[in-house]
Amino acid sequence: MQIGLVGLGRMGANMSRRLENGGHKVTVFDLNPENVKKLVADGAEGASSLEDLVKKLPKPRTVWVMVPAGKATETTVQALASFMEDGDAIIDGGNSFYKDDIRRAAELKKRGIDYLDAGTSGGVWGLQRGYCLMVGADEAAFKRIEPIFSTLSPGIGTIERTPGREKMGGTSEKGYLRTGPPGSGHFVKMVHNGIEYGVMQAYAEGFDIMVNKNTTDLPEDERFDLNVADIAELWRRGSVVGSWLLDLTAMALVENPDLSDFSGSVADSGEGRWTINAAIEEAVSCEVLASALFTRFRSRKDNTFAEKVLSAMRYKFGGHVERPSGN
């Protein structure tokens, strides 16, 4: 197939390369011309503008958008749609809010343009490993574009098949899935990222407990100087807590055992908040995911006002001196 790709950041650029390696023709555009030049050198066709990109694609056209969620996505989708025609398709592969996808799909459907939302997981490793794709789309549009999803996804690979899965069929064990109508792909990806927050926080807290087992606050015979890099590697071998996130943790600890290269400040990209909001709308409990999100907020401040209030109360009722010297 021939497809257009807008947004050549780390993921978008590697997606273009993976598609080219898989035999597809990719026409690319980015606001930074240097990014376009790099992909042209790798075999892609360059475009000078969104309009130029659309003109270079055969009908029915398909354009994959990989730009930051929010205003950038909205502006790009609307601009592309102004140049497209009945039967064309736009895929949003970013981390858009699923309700925005539902709205866009309804708006574009009136003009005969298919809108697909593709929750994309794989990060900077996607070129080699492939991308897990959660796609919200009308069934006919999904089927037409399925060769693209198939190439971007990991395929069955070397992962052991789930017992009985061969009787069920479908594409999920290949790493891509039509999750339902437009909006459902990014909804599933939103929850995926919310879970990711929780899993990451569990690992982080566990390693923190192990590192602090050597603190002088403990009796000497209860202190353990644990090599957490070795333990991370150990857990990768047969443990029930093994995962790709643990693999990445083990890599980081080998490269920088005390993680001194990292500030400890952790951003959140929106999906965690949206997941908590969805849980509130559905009256579903999600204590772990909410706690993980709030911990990310906490990581960005050395001392919160809440901690100052706690310190003040402890001083007032118990005389615990935790005030800065000189005060």
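How many disulfides does a search of the whole structure find? The search finds 0. A disulfide is a covalent bond between the sulfur atoms of two cysteines. The model is a predicted one, and the count applies to its atoms as they are placed there. Two cysteines can be looked at individually. Cysteine 132 has a relative accessibility of 34%, so this residue counts as partly exposed. Cysteine 286 has a relative accessibility of 17% and therefore counts as buried, because the cut-off for buried is under 20%.

The chain as a whole comes next. Its secondary structure comes to 13 helices and 8 strands, and the C-alpha trace spans about 75 × 45 × 45 Å along the principal axes. Of the 327 residues in the chain, 39% are buried. Among contacts between residues at least 6 apart in sequence, 64% join residues at least 24 apart. The accessible surface comes to about 18200 Å², and carbon and sulfur atoms account for 56% of that area. As for charge, there are 39 positive and 45 negative side chains, and the centres of these two sets are 4 Å apart.

Leucine 116 gives a view of the interior. This residue belongs to strand β6, which covers residues 114-121. Is leucine 116 buried or exposed? Its relative accessible area is 0%, so leucine 116 is buried. Leaving aside neighbours within four places in sequence, the residues in contact with leucine 116 include Ala89, Ile90, Ile91 and Asp92.

Helix α9, residues 228-235, shows how burial can be arranged on a helix. Its buried residues are Val228, Ala229, Ile231 and Ala232. Viewed down the axis of α9, these buried residues fall within an arc of 160°, so they line one face of the helix. Which helices are included in what covers the buried residues of α9? The cover includes α8 (184-211) and α10 (244-255).

Some backbone features lie in loops. Lysine 59 and proline 60 are joined by a cis peptide bond, with omega at about -10°. Proline 60 is in the loop between α3 (50-55) and β4 (62-65).

Two other loop residues have a positive phi without being glycine. One is leucine 259, with phi near 55°, in the loop that runs between α10 and α11 (271-282). Leucine 259 counts as partly exposed because its relative accessibility is 35%. The other is alanine 283, which has a phi of about 55° and is placed in the loop between α11 and α12 (287-299). What is the relative accessibility of alanine 283? The value is 72%, so alanine 283 counts as exposed.

Methods. Residues numbered from 1 in each chain as written. Predicted model: local features only at pLDDT ≥ 70, side-chain atom pairs only at ≥ 80, totals over all residues. Heavy atoms only, no water. Disulfide = S-S within 2.5 Å. Buried < 20%, exposed > 50% of the residue type's maximum accessible area, 1.4 Å probe, protein only. Helix = DSSP H or I, 4+ residues; strand = E, 2+ residues; numbered from the N terminus. Contact = heavy atoms within 4.5 Å. Areas by Shrake-Rupley, 256 points an atom, 1.4 Å probe, with all protein chains shown as cover. Lys, Arg positive; Asp, Glu negative; His and termini not counted. Charge placed at Lys NZ, Arg CZ, Asp CG, Glu CD. Arc of directions from axis to C-beta.
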